[in-house]
Amino acid sequence: MLMSPLWLLLALPVALLAIYLLTPRRYQSSDSVAQAYDSWTQDGILEFYWGEHIHLGHYGNPPRRKDFRAAKADFVHEMVRWGGLDRLPAGTTVLDVGCGIGGSSRILARDYHFDVTGITISPGQVQRARSLTPDGVTAQFKVDDALNLSFPDASFDVVWCIEAGPHMPDKALFAKELLRVLKPGGTLVVADWNQRDARRRSLQGWERWVMRQLLDQWAHPEFASIEGFSELLEATGWVDGTVTTADWTRETLPSWLDSIWQGILRPTGLVRFGLPGLVKSLREVPTLILMRIAFGQGLCRFGMFRATRA
């Protein structure tokens with residue numbers, strides 16, 4: 001007996017949800033993170049929908065309606081101003097840790113005339129970043145491991161990092177490496193997804209399930225809290241004074257649903273990537289919805305960190 005169209009409509013989301021829950025992409029090693037980003041870069045789906053900036057957008061406070069990609073570029077400029085980097089001279093050396101396909105690196109080089117080095121664990125992202133960077137833009141890219149940076153101590157005037165922390169299994173080592181390669185008097189500016197500090201308020205049943213999905217589906221070993229990562233930075237002994245933090249959850253919150261709307265507003269993606277691309281894109285929708293719930297309910301927070309190397 002053939003299934004009716006109604007049953008097919010009901011069965012499809014159930015089947016997709018079952019695939020989602022039964023095929024997690026848990027963190028295994030840095031190789032598993034590299035392979036995940038290589039895959040997204042090679043097929044071009046993430047770049048098509050998210051643009052060159054594979055991070056959240058800044059919508060202001062209170063948030064206002066913006067173009068999704070414009071909000072992402074605005075985020076870079078807002079982070080520059082918040083970090084005080086707009087007062088630095090041309091030729092300032094910047095290390096962009098977790099640079100993706102280089103969107104932020106190119107803005108830093110083009111608009112602020114910084115000398116930028118972007119690093120990522122993904123060879124595919126490095127190749128794409130290089131191909132997108134025009135001649136004359138002072139941004140270069142290389143494969144490197146944020147937990148074992150290949151640069152000598154005190155190499156850069158600025159260390160910059162957006163949304164790379166959840167992929168790091170050793171947060172203390174991550175904090176140490178970010179500061180190790182920073183010159184004395186240099187500035188560290190980090191933007192990251194963070195979990196609520198469980199030492200102050202432990203996770204409840206549904207919250208533990210949500211966090212497990214956010215970790216397992218996007219190859220994240222662990223989320224730090226804003227308070228916890230600040231303490232790890234200061235524990236290195238390389239911070240002049242204390243770490244300055246801010247919570248940009250409200251400014252970035254619209255990004256999660258906007259990212260889903262891109263699939264509706266840009267239907268040419270269905271023609272370009274076909275059924276495999278549609279299935280791969282739909283697979284990310286539950287995680288995006290869970291991210292919106294987590295950040296909207298205070299389970300997660302968007303943390304900003306600024307520190308000066310002693």
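This is a predicted model: local features need pLDDT of at least 70, side-chain atom pairs count only at pLDDT 80 or more; totals for chains, interfaces and linings use all residues.
## Cores and a helix crossing

Residues are numbered from 1 along each chain as its sequence is written, and side-chain values use heavy atoms, with hydrogens and water left out.

W256 also turns up in the largest nonpolar core, which has 56 residues. A nonpolar core is a set of buried Ala, Val, Leu, Ile, Met, Phe, Trp, Tyr and Cys residues joined through side-chain atoms within 4.5 Å; buried means under 20% relative accessible area, with a 1.4 Å probe and protein chains only. L108, W160, W193, L214, W256, F302 and M304 touch the most other members. Helix α4 gives this core its largest share, seven residues. Helices are DSSP runs of H or I, at least four residues, numbered from the N terminus.

| Core | Residues in core | Some members |
|---|---|---|
| Largest | 56 residues | including L108, W160 and W193 |
| Second, separate | 28 residues | including A164, L188 and L233 |

Now for two helices: the axes (lines fitted to C-alpha atoms over the stretch in contact, with angles from 0 to 180 degrees between N-to-C directions) of α2 and α12 come within 12 Å and cross at roughly 140 degrees. S39, W40 and D43 of α2 meet F273, K280 and E284 of α12 in this contact.

Finally, S230 sits in helix α9 and counts as buried because its relative accessibility is 9%.

Conventions
Buried means under 20% relative accessible area, exposed over 50%, partly exposed in between (1.4 Å probe, protein chains only). Helices (H or I, at least four residues) and strands (E, at least two) are DSSP runs, numbered from the N terminus. Contact means heavy atoms within 4.5 Å.
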